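Hi everyone, thanks for coming. Let me put the sequence and the model up on the screen.

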Amino acid sequence: MNDEQSAILSYLRENALGYDNRKTSTQIREELNLESGGVTNEHVRELIRDLILSHNACIGSLMWGNGYWIIQTEDELNRVCESLENRADAIINRAAALRNNWNNRYNG
């Protein structure tokens, strides 16, 4: 875990316990003086993604929930996981539709 990730995790543990206390990527970036990496704070979002995937952090976010927080309950965990699973299903369906569209356009 690098220094930026350590700072993010500490910040969330102190200021964003549970969904009702979530912090946006902009709030996190500004509070910690981090690089944005783009208009949607890609750098901050990537650091958080890596905290989850490589450093066992339980950081929640929802597609339309606007923010990050330390997951505190099984209900919060389930909301986050269901949101991710629904997004994954939608992407798989879109890929299948594109393949079908391609095949119908050029093969039939």
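I'll talk about the nonpolar core and then about the aromatic rings.

A quick word on the source: this is a predicted model, where local features need pLDDT of at least 70, side-chain atom pairs count only at pLDDT 80 or more, and totals for chains, interfaces and linings use all residues. Residues are numbered from 1 along each chain as its sequence is written, and side-chain values use heavy atoms, with hydrogens and water left out.

So, the core. A nonpolar core here is a set of buried Ala, Val, Leu, Ile, Met, Phe, Trp, Tyr and Cys residues joined through side-chain atoms within 4.5 Å, and buried means under 20% relative accessible area with a 1.4 Å probe, protein chains only. The largest one has 20 residues, and I8, L12 and W69 are among those with the most contacts inside it. At least two residues each come from α1 (3-15), α3 (42-54) and β2 (69-70); helices (H or I, at least four residues) and strands (E, at least two) are DSSP runs, numbered from the N terminus.

Now the rings. Which residues form an aromatic pair? Y19 and W69 do, edge-to-face, at 5.1 Å centre to centre with 90° between the planes. For the cut-offs, ring centres of Phe, Tyr and Trp (its six-membered ring) must lie within 6.5 Å, and planes over 60 degrees apart count as edge-to-face. Y19 is buried at 18% relative accessible area, and W69 is buried at 1%.

Key: Buried < 20%, exposed > 50% of the residue type's maximum accessible area, 1.4 Å probe, protein only. Phe/Tyr/Trp six-rings, centres within 6.5 Å; stacked < 30°, edge-to-face > 60°.
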